[in-house]
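Biologist: Here's the model I'd like to go through with you. Pick out one part, take a close look, and tell me what surrounds it.

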Amino acid sequence: MSSAGGPMSGTGEHENDEDEELRWLDEQEKAAWTGLISLVLLLPAKLESPLRQEHGLTLFEYLVLSHLSEAPQRKLRMGELAFLASGSLSRLSNVTKRCEQRGWVLRTPDPADGRYTLAELTDAGFDIVHLAAPTHLRSVRRIVLDSLNTTDQKALARIAQKLRIVPDDFG
């Protein structure tokens, strides 16, 4: 809503629970917020659609397999993999279970510290991520990067780093 009188415009009478003055969004802040939330809510589905259609993969499955494919010996601790794939440990656990059933991933105790679990990409998993990578790359370029110049890309990376959210269950 604009400053003409909606819930984010400053005309509301409610204060937050901490008795500090509520700061409503100005037009620039509102534009930034609505742009960001649009990206957060709509972009993943646009990137996932070609992966689902061509390879039967969700975007999160692809990210998990991709990060494993780039890891030393194609192995990562589950907590690190959850962070890299921008998901929670419980979500990652469900996805790796499905990937194990497909023969793409193996989970084993970490020999360095048995309290941790390693996820390892199998040869079959490497093959599927290798097949899906061009599809994902084309989508990333078409939907995101081709619309941005170098300055925009650097700004986006800087903003993403500032707003980086670490999953609550990241160790």
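Modeller: Quick bit of bookkeeping before the tour: helices (H or I, at least four residues) and strands (E, at least two) are DSSP runs, numbered from the N terminus. Asp113 then falls in the loop that joins β2 (105-109) to β3 (117-121), with residues numbered from 1 along each chain as its sequence is written. Bear in mind that this is a predicted model, where local features need pLDDT of at least 70, side-chain atom pairs count only at pLDDT 80 or more, and totals for chains, interfaces and linings use all residues, while side-chain values use heavy atoms, with hydrogens and water left out.

Let's start in that loop. Asp113 counts as buried because its relative accessibility is 18%; the cut-offs are under 20% for buried, over 50% for exposed and partly exposed in between, using a 1.4 Å probe and protein chains only. Its side chain makes a polar contact with the side chain of Arg115 at 2.6 Å. By polar contact I mean N or O atoms within 3.5 Å, where within protein one must be able to donate a hydrogen and the other to accept it, and sequence neighbours count only if both atoms are side-chain atoms.

Asp110 sits in the loop between β2 and β3 too, and Arg77 in strand β1 is 33 residues away from it, so the pair ties together distant parts of the chain. The two form a salt bridge, with the closest N and O atoms 2.6 Å apart; that term covers a side-chain nitrogen of Lys or Arg within 4 Å of a carboxyl oxygen of Asp or Glu. Asp110 is buried at 8% relative accessible area, whereas Arg77 is partly exposed at 28%. As a rule, side chains of opposite charge can pair when their charged atoms come close.

The structure holds 8 salt bridges, so a few others deserve a visit while we're here. Arg107 bridges to Glu100 with 2.8 Å between the closest N and O atoms. Both partners are partly exposed, Arg107 at 28% and Glu100 at 29%. Then there is a network in which bridges with shared partners join Glu61, Arg98 and Arg102.

Asp123 is exposed, at 56% relative accessible area. For background, most residues other than glycine have a negative phi.

Now for α5 itself. It packs against α2, with axes that come within 10 Å and cross at roughly 115°; axes are lines fitted to C-alpha atoms over the stretch in contact, and angles run from 0 to 180 degrees between N-to-C directions. The crossing is left-handed, meaning the near helix is turned anticlockwise from the far one by less than a right angle, with clockwise being right-handed. On the α2 side you have Leu59, Tyr62, Leu65, Ser66 and Ser69, facing Phe126, Ile128, Val129, Ala132, Ala133 and His136 of α5, contact being heavy atoms within 4.5 Å. By class that makes 8 nonpolar, 3 polar and no charged residues; nonpolar is Ala, Val, Leu, Ile, Met, Phe, Trp, Tyr, Cys and Pro, charged is Asp, Glu, Lys and Arg, and the others, Gly among them, are polar.

Tyr62 in helix α2 is buried, at 6%. Leaving out residues up to four places away in sequence, Tyr62 touches Leu51, Leu57, Val129, Ala132, Ala133 and His136. Its C-alpha atom is 8.9 Å from that of Glu48, 14 residues apart along the chain.

Helix α5 (residues 123-143) also packs with α1 (residues 27-55), at about 145° with the axes 10 Å apart, and this crossing is right-handed. Among the α1 residues there are Leu47, Pro50 and Leu51, and those on α5 include Ile128, Ala132 and His136. This contact has 9 nonpolar, 4 polar and 3 charged residues.
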